[in-house]
Amino acid sequence: MKIKFTLNGEKVEVDTSPNTTLLDMLRRQLGIKSVKRGCERGECGACTVLMDGKPVYSCLILAPKVDGREIITIEYLSKNGELHEIQKAFIEAGAVQCGFCTSAFILTAYSLLNQNPKPSRKEIVKALEGILCRCTGYVKIIDAIDRVIEQKYKVKQ
Amino acid sequence: MASFYIIPKLNYYKPRTLKEALALINSLQNFKLIAGGTDLVVDLKTGRIKVESIIDISSLNELQYIKINEKEIKIGAATILQEICENKALREEIPALTEAIESMGSWHVRNIATIGGNLCNASPAADTAPPLLILNAKLKLESIQGKRIVPIEKFFHGPRQTELKKNEILTEIVIPKPPKNTGMNFLKLGRRNAFTLSVVGVATLVSVKNRVFKDVRIALNAIAPTPIRAYKTESALKKQKVDLKIIEEKVKIVTEEIKPISDVRASAKYRKEMAIVLTRDSIIQSLRRIGLILEEKA
């Protein structure tokens, strides 16, 4: 079956099947390997993408559901070779170790900050609770997001 | 890297209207309706559920709404959990439902999972059930033959078994507005914060007149084959003085009404103990919502 959707701002048409997950469609049919295959059952969060702007687990979504929707993966965030401010903050704060969960955290943070530009630390933690990281202990990830908020509002003042 | 799970071949249907969906389920055999799919897709992967066809009702706008009038609140069955969570009027009117949903899954799951899906999946640990039970919610079930309204108490028949006939769809949850000056709350004990399945979940609703319980409603999940109302405990508390000692004494009755099992998350004995503690705590929280603060004396 053919489905049409917007992937990272571009319209795509894919011939896929109903027993294919969005995760498999992205990785195998569209070659987007930044979307990680972790637990495959909606527990680890490594396969996070944004669907219509909201973070979701691509391993729990069957491909046809995406028809007519908008999907964003980490590739969308950097523009003209320059990293997005959240990506920069992750590097500066040392929020990346093995990197397997990093795209998921950054996409989730991107969606959170779009919806709520100045979240509290508690709100950040709540938003991120659906992604596992086995390296960092989460503190530096939360610090990185805090850093984005701080820098933004310092610049503005 | 290969997938660990392979979903067997499926026929996929995406009806454009509810009417189309109802006609489809009337004629098809061996199908499952899919809304959010956060439970079903895992079940398809593990083989716990095997079907020939799935019918995607997640984009039926007719089933996605929150309507509030003077008497009742109506929620379309395919309404996404996160939308219910973020609805300020619902948090104001029926905070126990908001609290229950906040405790479910993670933001990622709540962004696609639906309230109707949680009910129809009929897990004994369904977290939307206790708040809807204390609110005396009614469920609208539709088929090509027509509609019927079922009180939520009659909806759950057992683990994963519901009142729904093969050709029916749960279309709406109707919640009568609780009277003014009622306090309600939902508490859940899990093994961790995010994604946790309830070890015990409790919703309570109270109203008080002259420091005496006028109404008490208690519902629990994960402690019986289905989510339940604890009527005995409720009547034991009604007409009693609002007093911590009395509450602590009466909530013990809850163990007579529940039939917990031992599983990977907790033993039956632990669930019984915790059902008492959580019922007490939830009542205290509900009382707090109507301005009654009980001092705990150590």
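This is a predicted model: local features need pLDDT of at least 70, side-chain atom pairs count only at pLDDT 80 or more; totals for chains, interfaces and linings use all residues.
View 1. Asp143(A) sits in helix 5 (residues 139-156) of chain A and Arg121(A) in helix 4 (residues 121-128) of chain A, so the bridge ties together parts 22 residues apart in sequence.

**View 2. Salt bridge between Arg91(B) and Glu102(B).** Here the closest N and O atoms are 2.7 Å apart. Arg91(B) belongs to helix 4 (residues 88-93) of chain B and Glu102(B) to helix 5 (residues 95-102) of chain B, so the pair ties together parts that are eleven residues apart in sequence. Arg91(B) is partly exposed, at 39% relative accessible area. Glu102(B) is partly exposed too, at 26%.

**View 3. A network of Asp24(A), Arg37(A) and Glu40(A).** Salt bridges with shared partners join these three residues. One of them pairs Arg37(A) with Asp24(A), with the closest N and O atoms 2.9 Å apart. This pair links distant parts of the chain, 13 residues apart. Asp24(A) lies in helix 1 of chain A, and Arg37(A) in the loop between helix 1 (22-29) and strand 3 (48-51) of chain A. Arg37(A) has a relative accessible area of 4%, so Arg37(A) is buried. Asp24(A) is buried as well, at 12%.

**Context for the views.** Over all chains, the structure holds 30 salt bridges.

Terms used:
Residues are numbered from 1 along each chain as its sequence is written. Chains are lettered from A and ligands numbered from 1 in the order in which they are written. Side-chain values use heavy atoms; hydrogens and water are left out. A salt bridge is a side-chain nitrogen of Lys or Arg within 4 Å of a carboxyl oxygen of Asp or Glu. Helices (H or I, at least four residues) and strands (E, at least two) are DSSP runs, numbered from the N terminus. Buried means under 20% relative accessible area, exposed over 50%, partly exposed in between (1.4 Å probe, protein chains only).
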